[in-house]
Amino acid sequence: MESNYVDVIVKRRVRYMDILLRFLWIGATVWGTLFLLPINGMITIFYFFGNITLMFLFWNHYKLEYEYVYCDGQIDFDFVRNNSKRKHRLRVNLENAELLAPADSEKVLNYRNIDTVEAYVSHSESPRIYALIVKKQDKLMKILIEPNIKMLKLMRNKMPRKVDLREQDLARINEEKQD
């Protein structure tokens with residue numbers, strides 16, 4: 001019997017804006033310290049060590065991973081900061097799903113009255129970003145994900161009429177069936 005469980009971890013790419021913010025933070029610390037030094041030495045010490053403490057606490061705050069856990073028709077979305085702090089974000093039951101299709105497909109673009117969009121993707125140049133359209137509390141929600149082939153296969157088995165796959169992904173699923 002085949003397992004109906006799959007776990008996918010997607011690491012978010014460090015964006016240029018994150019790197020720029022880090023350099024701006026360092027620059028503000030150095031220039032602020034140099035500016036405050038002639039005014040008052042005690043304020044300068046508190047400012048400098050306060051910024052160093054905040055840098056120590058938040059420097060790795062930008063390391064983020066998204067985890068999707070699919071189990072028997074439910075998908076849990078979590079995010080993990082610094083490989084240690086896990087936070088549960090969302091649970092979706094596929095019975096409430098309207099559609100799973102590539103994010104740039106016509107079927108997804110036809111949904112115009114979407115209330116919420118949540119992205120659990122790596123922000124890299126990934127060609128396999130899918131949009132999961134879900135009805136949650138009488139509102140439509142669009143969830144952007146990067147599922148692997150096993151997750152796509154299990155979701156297609158659960159709701160075959162609601163899943164629209166790319167040709168490459170469909171070919172890979174058919175290859176696995178033949179093996």
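Predicted model: local features only at pLDDT ≥ 70, side-chain atom pairs only at ≥ 80, totals over all residues.

Let's start at leucine 94, which sits in the loop that joins β4 (85–93) to β5 (97–102). Although its place is in a loop, leucine 94 has a relative accessible area of 3% and is therefore buried, the cut-off for that word being under 20%. What does leucine 94 touch, beyond its neighbours within four places in sequence? The contacts are Tyr70, Gly73, Ile75, Leu132, Met155, Lys158, Met159 and Lys162. Another residue to look at from here is valine 134: 40 residues separate it from leucine 94 in sequence, while their C-alpha atoms are 7.9 Å apart in space.

Those contacts point in several directions, and we can follow them one by one. Take the β4 side to begin with. An open sheet is formed by 4 strands, with antiparallel pairing, in the order β1-β2-β3-β4. β1 (5–11) and β4 have a single partner strand each, so they stand at the edges and one side of each has no neighbour in the sheet. From one strand to the next, the twist averages 20°. As background, strands of a sheet pair through backbone hydrogen bonds, in a parallel or an antiparallel way.

Inside that sheet, β2 (residues 64–71) and β3 (residues 74–81) run antiparallel and are joined by 8 bridges. One bridge you can find in the viewer brings glutamate 67 together with aspartate 78 of β3. Helix α4 (residues 149–158) packs on the sheet, where it touches β1, β2 and β3, and its direction makes about 135° with that of β1. Met155 and Lys158, both among the contacts of leucine 94, fall within the range of this helix. Likewise, Tyr70 is a contact of leucine 94 and lies in the range of β2, and Ile75, also a contact, lies in that of β3.

Over the whole structure, a search finds 4 aromatic pairs. Tyrosine 68 and phenylalanine 77 make an edge-to-face pair, with 5.6 Å centre to centre and 70° between the planes. Together, Tyr66, Tyr68, Phe77 and Tyr120 make up one aromatic cluster.

Now for the other end of our loop. In β5, 5 of the 6 residues are buried, so the strand is largely enclosed by the rest of the structure. β5 runs antiparallel to strand β7 (residues 130–136), and 5 bridges join the two. Within this pairing, alanine 101 faces alanine 131 in β7 as its opposite number. Leu132, one of the contacts of leucine 94, is in the range of β7.

Finally, a look at a helix pair elsewhere in the model. Helix α1 (residues 16–36) packs with helix α2 (residues 41–58) at an angle of about 170°, and their axes are 9 Å apart. The two helices are therefore roughly antiparallel. Among the residues making the contact are Trp25, Thr29 and Thr33 of α1, and Thr44, Tyr47, Phe48 and Asn51 of α2. By class, this contact has 10 nonpolar, 5 polar and no charged residues. Threonine 33 of α1 is buried, with a relative accessible area of 15%. It touches Thr44, Tyr47 and Phe48, leaving out residues up to four places away in sequence. Asparagine 51 of α2 counts as buried at 11% relative accessibility, and its contacts, neighbours within four places aside, are Trp25 and Thr29.

Key:
Residues numbered from 1 in each chain as written. Heavy atoms only, no water. Buried < 20%, exposed > 50% of the residue type's maximum accessible area, 1.4 Å probe, protein only. Contact = heavy atoms within 4.5 Å. Pairing = 2+ DSSP bridges. Axes fitted to C-alpha atoms, helices over the stretch in contact; angles between N-to-C directions. Parallel < 35°, antiparallel > 145°, perpendicular 65-115°, else oblique. Nonpolar A, V, L, I, M, F, W, Y, C, P; charged D, E, K, R; others polar. Phe/Tyr/Trp six-rings, centres within 6.5 Å; stacked < 30°, edge-to-face > 60°.
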